[in-house]
Structure formats: C-alpha cells, structure tokens
Amino acid sequence: MLIANSLVEGFFKSNLMGQAIVAIQVLGSIVMIAVIIGKWRELAFLTSITRRFLRDFSTFGDVLGYYVKRRPAITDGIETIYKETCERLIRMITPELRVVGGVQPSPQPSALSPHEIELVRSTCEHALQEEELKIEKGMGIIQTVVSMAPMLGLLGTVWGVLDAFADMGAAQSANLATIAPSISSALVTTVVGLIVAIIGVVFFNHMNGIIRALSSDMEGFADELTGRIANEYQGRGA
C-alpha cells in the first residue's frame with residue numbers, strides 16, 4: 001500500500017512527459033492483460049482438444065477411420081491438420097472408395113503414386129505451418145509491451161532527472177531537499193515499466209512453453225499421419 005501511495009504521489013508530482021509515459025505504460029498493460037486472458041483461454045482449449053483427439057485417433061486402425069466416423073468439425077489446432085490432409089487424400093483416391101456424402105474406407109486401398117503422396121504431405125505441412133502461426137498469434141503484442149515498458153520508463157526517468165537538474169541550475173542551489181522530490185517523481189516511470197515487464201515476462205514464458213508443447217504434438221502427429229498415409233496408400237492395391 002505504501003508503494004502504491006508513493007507511485008500515485010510521484011505520478012502527480014512528475015512533469016507532463018512523465019505522466020504521459022505512465023499513461024502509455026498503463027494503457028499497454030491493459031492491452032497486454034486482455035491478450036493474456038484471451039490467449040490463456042485459447043491455449044487451454046487447444047490443449048484439451050489435442051489430448052482428446054490424439055486419444056481418440058489412436059483407437060482407429062486406418063488413417064481415414066476417424067474422419068469417416070467423426071468428421072471433425074473443429075477448425076482449430078490438430079484436428080484442422082487432420083481434416084485438411086484427409087480431404088486432400090480423399091480427392092486423390094479412386095471413385096470406388098467414395099460414397100455420397102462421405103468416404104467408404106477399404107481394407108485394400110488403391111495405390112497412390114509417390115507424387116500424389118508428396119502432394120498430400122505438402123498439404124499436411126502447409127496446414128501444420130498455418131496452425132503454428134495461429135497459436136503464436138498475439139504473443140508478439142505481449143513481447144512488444146514487455147520490451148517497450150521499461151524502455152519508456154527509462155526515457156521518462158532520464159527526462160525527469162534532466163528537468164530536475166535544470167531546475168536546480170535555475171535556482172542556483174544544490175540543496176538535496178530541493179532536488180530529491182523531482183528525482184523521486186522521475187523514477188516513477190521506471191518502476192511502472194518494470195512492474196509491467198515483470199508481469200508480462202512471467203505469463204509470456206509460461207504460455208510460450210504451452211505453445212512449444214502444442215507445436216511439438218502437432219509436428220509429431222503430422223509426421224505420423226503422413227507416414228501412415230504413405231504406408232497404407234503407396235504401392236498397394238494396384
């Protein structure tokens with residue numbers, strides 16, 4: 001409470017430049033917190049559906065089994081990678097494996113050429129890259145606020161100290177009691193900037209760890225999916 005009172009008192013005693021910088025820092029922190037809350041919910045949802053999908057997908061013996069039975073409707077995360085890859089695969093398999101409104105899996109799937117397998121792999125990799133970009137969206141805002149808040153704080157402090165020394169020179173007095181309040185108010189911007197940066201770094205690092213885990217799961221699944229497609233569809237059924 002004492003620190004908060006000191007910050008508020010220092011804010012009102014600081015010059016216009018310092019107050020403007022604190023206002024920018026507070027506005028940036030509000031934006032950052034809003035992004036953190038939204039991103040936290042998004043990552044929690046993606047983590048949940050990823051675990052559920054990997055568990056359910058492992059129960060099917062063939063690549064298209066989950067697609068035929070469940071027909072994924074979620075357009076985020078690992079299910080999007082699977083859905084887009086399956087749709088590309090379905091467009092390439094022979095007509096006798098298709099049925100109206102869906103796909104009829106066969107115990108002996110038709111063969112796909114290496115070129116066709118590579119096209120399916122490219123679709124999977126492209127979907128993977130898009131989903132990785134999606135889950136990283138918003139992290140740049142947090143990183144920008146974390147980087148800029150202490151820099152703006154330092155600028156405000158230096159500016160305030162310059163004003164304090166200018167006032168001291170104009171008064172032709174080196175009395176500490178005269179200059180101390182000005183320097184104290186000048187330090188407010190640095191304190192606020194550091195508080196904003198510390199909060200941002202804590203949440204950024206934690207969420208970045210979740211993003212890395214999700215990316216690892218998606219990359220591993222994409223490799224497994226394309227490997228199974230090549231195993232099930234390449235050079236068989238000719």
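pLDDT is the predictor's confidence in each residue, from 0 to 100. This is a predicted model, in which local features need pLDDT of at least 70 and side-chain atom pairs count only at pLDDT 80 or more, while totals for chains, interfaces and linings use all residues. Residues are numbered from 1 along each chain as its sequence is written, and side-chain values use heavy atoms, with hydrogens and water left out.

**View 1. Confidence along the chain.** The mean pLDDT of the chain is 82. Of its residues, 78% reach 70 or more. Helices (H or I, at least four residues) and strands (E, at least two) are DSSP runs, numbered from the N terminus. Among the elements of the chain, helix α8 (residues 188-233) has the highest mean pLDDT, 93. Strand β1 (residues 98-99) has the lowest, 46. Over residues 98-108 the pLDDT is below 50. Beyond near neighbours in sequence, this stretch has 19 contacts (heavy atoms within 4.5 Å) in the model.

**View 2. The pair Phe53 and Phe57.** Aromatic pairs join rings of Phe, Tyr and Trp (its six-membered ring) with centres within 6.5 Å; planes under 30 degrees apart count as stacked, over 60 as edge-to-face and the rest as tilted. The whole structure holds 10 such pairs. Phe53 and Phe57 are stacked, 5.6 Å centre to centre with 15 degrees between the planes. They are 4 residues apart in helix α2, so about one helical turn separates them. Both Phe53 and Phe57 are buried (under 20% relative accessible area; exposed is over 50%, partly exposed in between; 1.4 Å probe, protein chains only).

**View 3. From Phe57 to Tyr82.** Phe57 and Tyr82 form an edge-to-face pair, 5.3 Å centre to centre with 70 degrees between the planes. The pair links distant parts of the chain. Phe57 lies in helix α2 and Tyr82 in helix α4 (residues 78-92), 25 residues apart. Phe57 counts as buried because its relative accessibility is 3%. Tyr82 is buried too, at 0%. One aromatic cluster takes in Phe53, Phe57, Phe60, Tyr66, Tyr82 and Phe221.

**View 4. Gly38 and Gly138.** Gly38 sits in helix α2 (residues 16-57). Its relative accessibility is 40%, so Gly38 counts as partly exposed. Gly38 and Gly138 are 100 residues apart in sequence. In space they are 9.1 Å apart, C-alpha to C-alpha.

**View 5. The surroundings of Thr157.** Thr157 belongs to helix α6 (residues 139-171). Thr157 counts as buried because its relative accessibility is 9%. Leaving aside residues up to four places away in sequence, Thr157 touches Ala186, Leu187, Thr189 and Thr190.
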